[in-house]
Every structure is written in structure tokens, then in C-alpha cells.
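Open the model in your viewer and switch to a cartoon view. The tour below goes from one selection to the next.

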Amino acid sequence: MAFASEAGVIRIETLKSDASRANDGNGDIEMLAALLHACVRAGASVSFVLPFSHEDAKAFWIDQVLPGVAAGTRSLLIARLSNRIIGTVQLDLATPPNQPHRAEVRKLLVHPDVRRRGIAKALMIAVDQVARTARRTLLTLDTVTGGPAERLYQSLGYFSLGSIPRYALNFDSRVLESTTVMYKDLTTSEQGKVHSFSLTE
Ligand SMILES: CC(C)(COP(=O)(O)OP(=O)(O)OC[C@H]1O[C@@H](n2cnc3c(N)ncnc32)[C@H](O)[C@@H]1OP(=O)(O)O)[C@@H](O)C(=O)NCCC(=O)NCCS
């Protein structure tokens, strides 16, 4: 999928499943590390707290994400502006045997420099398509209560189940933030059907 934004033409792709190529090839892991690093430093609550180095960010992708991508249990979607990765999201398909219809949405990130241009929305529409292709009809996630991502997910058909107070430290460890558990039922939602497109690899 490609779409025009104020920043230029943005392409949504699935990252190749060959982890070693992703690691060494065109610098994708370095760019993903830079993206995660920039988001955390800008205040994102996405599991990490300061101090958080570029190397910490790189280790996250290499140790916690690429093995699942290589095993085919995790889809890694990226948004590119020219060759630069400026957004990403994952769909974790590694659910227990009694949940073959469910998948977990993880680590939606858009670089602070290019927000409010519809990049996250495009990534999440692509997630629906990847989920449908993988025969996953129930999507679950959690996000900071009352944050921008919760509003984004609600606008795309996710329901908020409730909020768990004092769930996690914010990025600079000053406050404990609440988290909201959300889900989207693709058997009843029209979102994503309307916006289908071809993903490139
Ligand atoms: C949340 C995040 C992914 C949104 O990315 P984005 O590309 O700016 O989002 P989009 O431009 O696609 O926004 C789509 C809609 O979501 C809502 N939204 C997004 N950011 C918002 C904000 N800061 N405040 C209010 N609403 C917001 C709006 O409804 C927006 O539509 P609009 O711009 O037409 O009003 C981005 O801010 C981010 O990376 N934050 C840090 C990481 C994070 O919190 N990720 C979520 C983990 S669960």
C-alpha cells in the first residue's frame, strides 16, 4: 500500500521473514532501533524507561521481535518514507492452542516528526488485512488509558474493556499510568474490509 501525505509518499510493507537479511541488509534494524529510541525519548509508554539507549532499542528488535518474524509467528509491518522507516506495528500470532482465532497487536510506533498524518491509521488497517489473511478474527491489545493511541484504536473499531490502574511506569519513571484493555472483533467489524489493499514485501 502506498499513500500520499504531507511528508511525501508513504509505503506500508511487511518486513521480510528472513531475520538475518533484515538485520544486515539495508539497515532496517538500525532504522527500527532509531524509531523506537526516538519514540521512547519523546515520552512513549511502550515498555521501556529512561535511560534507554539506541543499543537497548536495537536489542529489543533483534532479541524479542526478529525470532518470531523468522518463525512466522509474528508479522512486522513498517511504514517507509523514501527508504526511511517512520512507523511500525506488529501482529503477534503466537497464541495458545485454544486461541487460534486471536492475535495480539504490539508496539505501534510512529516517529514524532511525522505524526498526525494518518500513518498509524494506515498501519492498523494493514494489521486487519494481515489478521484476516492469517484467519485471525479477534484482535487484542492494551494501551495507556486516555492516550492518543486509545482514541486511534477506538476510531478503528476497537472497544475499551476497562482500565487497570497503576499498571506501568511512564517513560521517565515519574508516574504509574493506567492501561486500557481493548479488542476488535473482525467477524462483526467492517473496518479493514473497506480499506483493503495489497501489501508489498
Ligand atoms: C499513537 C501514535 C501511534 C499515533 O500515530 P499517528 O501516525 O500520529 O496517528 P494518525 O495520524 O494515524 O492518527 C489517526 C487518528 O488517531 C487519533 N490521534 C492520533 N494521535 C492523536 C493525538 N496525539 N491526540 C488526539 N488524537 C490522536 C486521531 O483521531 C487521529 O485522527 P485525526 O488526525 O484525523 O484527528 C503515535 O502518537 C505514537 O507513536 N505514539 C507513541 C507510541 C505509542 O503510544 N504507541 C501506542 C502503543 S499501544
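This is a predicted model: local features need pLDDT of at least 70, side-chain atom pairs count only at pLDDT 80 or more; totals for chains, interfaces and linings use all residues.

Eight strands form an open sheet, in the order β1-β2-β3-β4-β5-β6-β8-β7, with mixed pairing. At its edges are β1 (2-5) and β7 (159-169), each of which pairs on one side only. From one strand to the next, the twist averages 25 degrees.

Next, select residues 74-81, which make up strand β3. Is this strand mostly covered or mostly uncovered? β3 is mostly covered, as six of its eight residues are buried.

To see where they face each other, pick I10, which stands opposite L81 in β3.

β3 and β4 form a hairpin with two residues between them. Click on S82 in the turn: its phi is positive, about 55 degrees.

For a parallel pair, select strand β5 (residues 102-110) and strand β6 (residues 138-144), which are joined by three bridges. A103 has L139 in β6 as its bridge partner.

Finally, show the helices. Helix α2 (residues 28-41) lies across β4 and β5, and runs at about 85 degrees to β4. Helix α3 (residues 54-71) packs on the sheet and touches β3 and β4. The direction of α3 makes about 110 degrees with that of β3.

How values were computed:
Residues are numbered from 1 along each chain as its sequence is written. A residue is buried if 20 or more other C-beta atoms lie within 10 Å of its own, exposed if 12 or fewer, and partly exposed in between; C-beta atoms are placed from the backbone. Helices (H or I, at least four residues) and strands (E, at least two) are DSSP runs, numbered from the N terminus. Two strands pair if DSSP finds at least two bridges between them. Axes are lines fitted to C-alpha atoms, for helices over the stretch in contact, and angles run from 0 to 180 degrees between N-to-C directions. Two residues are in contact if their C-beta atoms, placed from the backbone, lie within 7 Å.
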